[in-house]
Amino acid sequence: MLPKTRTPESRRMITLEVRGTTKPTPAFSVITLGGPELEHLKPMGFDQTVRLFFPREGQEGLRMPRLSSEAWMAELLLLPKSRRPWVRNFTIRRARLELGEVDIEFALHGDTPASTWARRARPGDPAGIFDMGLTYLPPAHAEWQLLAGDESAVPAILAILEHAPASLVAEVFLEVPGADDIRTDIAAPDGVRVRWLTRDGADTLPGSLALDAIKESALRPGRFYTWVAGEAGLATGVRRHLVRDRGVPKPDIAFFGYWRHGRSSPG
C-alpha cells in the first residue's frame, strides 16, 4: 500500500545553487539552497518532502530533468551515469521565500552519496528540487500524536513541531548517534514531550533504541495518530507493535522506511 501523500496542484523542476552550509551538531549538516526559481515552490510546512538533485563526483554541472511530472524518472534512467545526477528524498527544514532560500538538513551517514555531497558542498554548487508534498496527515479524530524517528527523520519531525498548532499534544521519540546531537533549542508547543535517545558509539542497530523505548512506554490514553520514519526496522517495528500489542487501528499509523541498515540506495 502506498503512503498517503498530499501534493501541490502544480509542480515543476526548480534549479538552485548552494548559498551556505552550517553544522548544528556533529552528525548533521544544513545546506542552504537559493535562487529565483524558488518563486515556483509552494511552502506547505510540516514534513514537506522534495526530490533533491545533485551532481555525482566528477560532473561539472547538474543535468536536471526537463519533465515536471513523474515521467522524469524514466527520462533520467535513459541517461548514462556519467550524465545522470544523484536523486534523494529530503525534507525542507525551513523555507525563507522572501530571501529566495530553503534549508535542507542532512543526517550524515558514512560515505553515502548524499552525505559525501553535503560535506563537500560549497557556495555556488548546483542543486535542484522537485516538490513531493506531505505525508504527515493527522486525522481530525486524533486526541494526541506519537512521533518517532532516528537521525534520518529528525529534520522532518523538527519541522513538524515547528509548524504544529499550539494545541498539539504529542509524545516524541528521537534517536541520534550521540549526546552532542541532542537539540536544546526545539520550538514545540507546551503539550509536546520530546525524549532523546543516544547510541553513543554502541554497536546498536539504528532505530532499535527508539523502538524499545516506545514498547516500554506507558502511552497516553485516547485515540492517537502515529508518524514514524527512519531505518526500515524502526518504522515497521513500531507499526507492528502498535497494531498487535496495543490494538491501534492501522489507518492511524503513517510509517516510512527511509533507509535500510547495511544497504545503499541504487543510483
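W72 is buried, and F130 is buried as well, where buried means under 20% relative accessible area, exposed means over 50%, and partly exposed lies in between (1.4 Å probe, protein chains only). The model is predicted: local features need pLDDT of at least 70, side-chain atom pairs count only at pLDDT 80 or more, and totals for chains, interfaces and linings use all residues. Residues are numbered from 1 along each chain as its sequence is written, and side-chain values use heavy atoms, with hydrogens and water left out. Helices (H or I, at least four residues) and strands (E, at least two) are DSSP runs, numbered from the N terminus.

**Aromatic pairs and cluster**

- A search of the whole structure finds 9 aromatic pairs; rings of Phe, Tyr and Trp (its six-membered ring) pair if their centres lie within 6.5 Å, and planes under 30 degrees apart count as stacked, over 60 as edge-to-face and the rest as tilted.
- One of these is the edge-to-face pair of F53 and W72, with 5.2 Å centre to centre and 70 degrees between the planes.
- Because F53 lies in strand β3 and W72 in helix α1 (residues 72–77), this pair ties together parts that are 19 residues apart in sequence.
- Both F53 and W72 are buried.
- The rings of W72 and F130 have centres 6.4 Å apart and planes at 70 degrees, so this pair is edge-to-face.
- With W72 in helix α1 and F130 in strand β6, the pair ties together parts that are 58 residues apart in sequence.
- One aromatic cluster is formed by F54, F90, F106 and W117.

**Charges over rings**

- A charge sits over a ring if NZ of Lys or CZ of Arg is within 6 Å of the ring centre and within 35 degrees of the ring normal.
- The charged end of R56 is placed over the ring of W86, 3.9 Å from its centre.
- R183 lies over the face of F28, at 4.6 Å from the ring centre.

**Nonpolar cores**

- A nonpolar core is a set of buried Ala, Val, Leu, Ile, Met, Phe, Trp, Tyr and Cys residues joined through side-chain atoms within 4.5 Å.
- The largest nonpolar core has 25 residues, and those with the most contacts inside it are L147, I157, V172 and W227.
- Two or more residues of this core come from each of α3 (154–163), β8 (170–176), β9 (192–198), β10 (224–231) and β11 (253–259).
- The most is given by α3, with 6 residues.
- Apart from this core lies another, of 23 residues, among them L16, L33, I92 and I129.

**Helix α2**

- In helix α2 (residues 113–120), the buried residues are A114, S115, W117 and A118.
- Seen down the axis of α2, these buried residues fall within an arc of 165 degrees, so they line one face of the helix; the arc is that of the directions from the helix axis to the C-beta atoms.
- The cover over the buried residues of α2 includes β1 (14–25), β2 (28–34), β3 (49–54), β4 (86–96), β5 (101–107) and β6 (126–133).

**Two individual residues**

- S29 is in strand β2 and counts as buried, at 6% relative accessibility.
- Leaving aside neighbours within four places in sequence, S29 is in contact (heavy atoms within 4.5 Å) with T22, K23, P24, I104, E105, F106, L108 and A118.
- G110 lies in the loop between β5 and α2 and is partly exposed, with a relative accessible area of 48%.
- Leaving aside neighbours within four places in sequence, G110 is in contact with S115 and R119.
- The C-alpha atoms of G110 and L97 are separated by 32 Å, although these residues are 13 residues apart along the chain.
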